[in-house]
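Hi everyone, thanks for coming. I'd like to walk you through one model and a few side-chain details in it. Let me put it on the screen.

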Amino acid sequence: IGAKTVLFMPAGRNPLKTEAPKGSGDHRLMMIELAIKNTPGYFVSDLEILAQGKSYTVDTIEKILSAAPKITRLSFAMGTDQIASLHKWKDPERLFK
């Protein structure tokens with residue numbers, strides 16, 4: 001994908017979903033860790049899993065950028081299942097700045 005570093009982050013508590021995630025946060029983190037363990041530059045973060053309350057992507061991205069001010073380029077990938085509801089997200093226009 002052309003990136004030096006790829007950060008995988010399973011969603012925390014999605015405010016647009018009423019049902020609980022299919023697996024626990026720990027289980028989803030472990031699945032990602034197993035999938036990427038032999039890929040240099042791939043990392044997993046528990047930032048959203050550990051967050052209290054609802055998780056908003058725009059807030060998570062701002063936390064990442066605040067914690068790592070030397071980031072010069074950030075790309076965000078999401079599942080195609082989320083595109084149809086993007087207009088319902090918190091401040092979706094901020095994701096494209």
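Let me start with F76, which is partly exposed because its relative accessible area is 41%; buried here means under 20% relative accessible area, exposed over 50%, and partly exposed in between, with a 1.4 Å probe and protein chains only.

Before going on, the ground rules. This is a predicted model, where local features need pLDDT of at least 70 and side-chain atom pairs count only at pLDDT 80 or more, while totals for chains, interfaces and linings use all residues. Residues are numbered from 1 along each chain as its sequence is written, and side-chain values use heavy atoms, with hydrogens and water left out.

How confident is the predictor? The mean pLDDT of the chain is 87, and 99% of its residues reach 70 or more; pLDDT is the predictor's confidence in each residue, from 0 to 100. Confidence is lowest in helix α3, residues 57-67, at a mean of 90, and highest in β2, at 94. Helices (H or I, at least four residues) and strands (E, at least two) are DSSP runs, numbered from the N terminus.

Now, the aromatics. How many aromatic pairs does a search of the whole structure find? Two. Rings of Phe, Tyr and Trp (its six-membered ring) pair if their centres lie within 6.5 Å; planes under 30 degrees apart count as stacked, over 60 as edge-to-face and the rest as tilted.

F8 and Y42 are a tilted pair, because their planes are at 55°, with ring centres 5.3 Å apart. F8 is in strand β1 (residues 6-8) and Y42 in strand β2, so this pair ties together parts 34 residues apart in sequence. F8 is partly exposed at 28% relative accessibility, and Y42 is partly exposed at 29%.

The pair of F76 and W89 is edge-to-face, 6.4 Å centre to centre with 75° between the planes. Both F76 and W89 lie in the segment after α3, so the pair ties together parts 13 residues apart in sequence. W89, with a relative accessible area of 14%, is buried.

Last stop: S45, in the loop between β2 (42-44) and α2 (47-50). Is S45 buried or exposed? Buried, because its relative accessibility is 14%. A polar atom of the S45 side chain lies 3.1 Å from the backbone nitrogen of L47. Leaving out residues up to four places away in sequence, S45 touches L7, F8, M9, P10 and L29, where contact means heavy atoms within 4.5 Å.

Methods: Polar contact = N/O pair within 3.5 Å; in protein donor to acceptor, adjacent residues only side chain to side chain.
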